[in-house]
Structure formats: C-alpha cells, structure tokens
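Dear colleague,

I am handing over the structure we spoke about, and below it you will find a short account of what was found. Please read the two side by side.

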Amino acid sequence: MIRKHSSILIAVAALLLSSMACEPVIAIGYDELLIVFLIVAFLFGPLVLRFWRALGRVKEELKKKKD
C-alpha cells in the first residue's frame, strides 16, 4: 500500500518541508489569487467536467430503469 502511493507521500513531504523552511507569506494580492485559481481550474476542470457528465449519464440510466 505504501509502495503504491510512495510518490504522493514524497511530494507531500517535500511540500511540508519546504513550507517549514521559510516564513509564511500572509499578504497575497489579487494577481496571485487569480494565478492560483487559473492553475486549479486548468488542473481540475477537465476532471470535474468528466465527473459531471458521467453523473448525468448515470442519472438518466436510473431514470430509464425506473420508468
């Protein structure tokens, strides 16, 4: 189990150690928030859209079975 997720654990450990190495930045402007939002939308947008479409297909199939 650990071997299967070792790359994720390494990434989390690297992020944790790097965040502990420097002082946290409290002042974040709108430009930075926009960049973070665009990155999140670019990474997770297609996955959410695929899930939304699959959920719609499942609902339609259940509706057809019910009728």
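In this predicted model, the secondary structure of the protein chain comes to 2 helices and 0 strands. One of the helices is H2, which covers residues 30-66, and a kink of about 45 degrees lies in H2 at Phe44, shortly before the proline Pro46.

As for how far the residues are covered, 0% of the 67 residues of the protein chain count as buried, and H2 itself is hardly covered, with a count of 0 buried residues among its 37. The chain exposes about 7100 Å², of which carbon and sulfur atoms supply 72%.

On the surface there is also a nonpolar patch, formed by Ile35, Val36, Ile39, Val40, Phe42, Leu43, Phe44, Leu47 and Val48, which together have about 920 Å² of accessible area. Val40, one of these patch residues, has its place in helix H2, and it counts as partly exposed because its relative accessibility is 40%, which lies between the cut-offs of 20% for buried and 50% for exposed.

Definitions and conventions:
Residues are numbered from 1 along each chain as its sequence is written. This is a predicted model: local features need pLDDT of at least 70, side-chain atom pairs count only at pLDDT 80 or more; totals for chains, interfaces and linings use all residues. Side-chain values use heavy atoms; hydrogens and water are left out. Patches are made of residues with over 30% relative accessible area and no salt bridge: like charges are joined within 9 Å, nonpolar side chains (Val, Leu, Ile, Met, Phe, Trp, Tyr) within 5 Å. Accessible areas come from the Shrake-Rupley method with a 1.4 Å probe; for residues, only the protein chains shown count as cover. A salt bridge is a side-chain nitrogen of Lys or Arg within 4 Å of a carboxyl oxygen of Asp or Glu. Helices (H or I, at least four residues) and strands (E, at least two) are DSSP runs, numbered from the N terminus. Buried means under 20% relative accessible area, exposed over 50%, partly exposed in between (1.4 Å probe, protein chains only). The bend at a residue is the angle between axes fitted to the seven residues ending there and the seven starting there.
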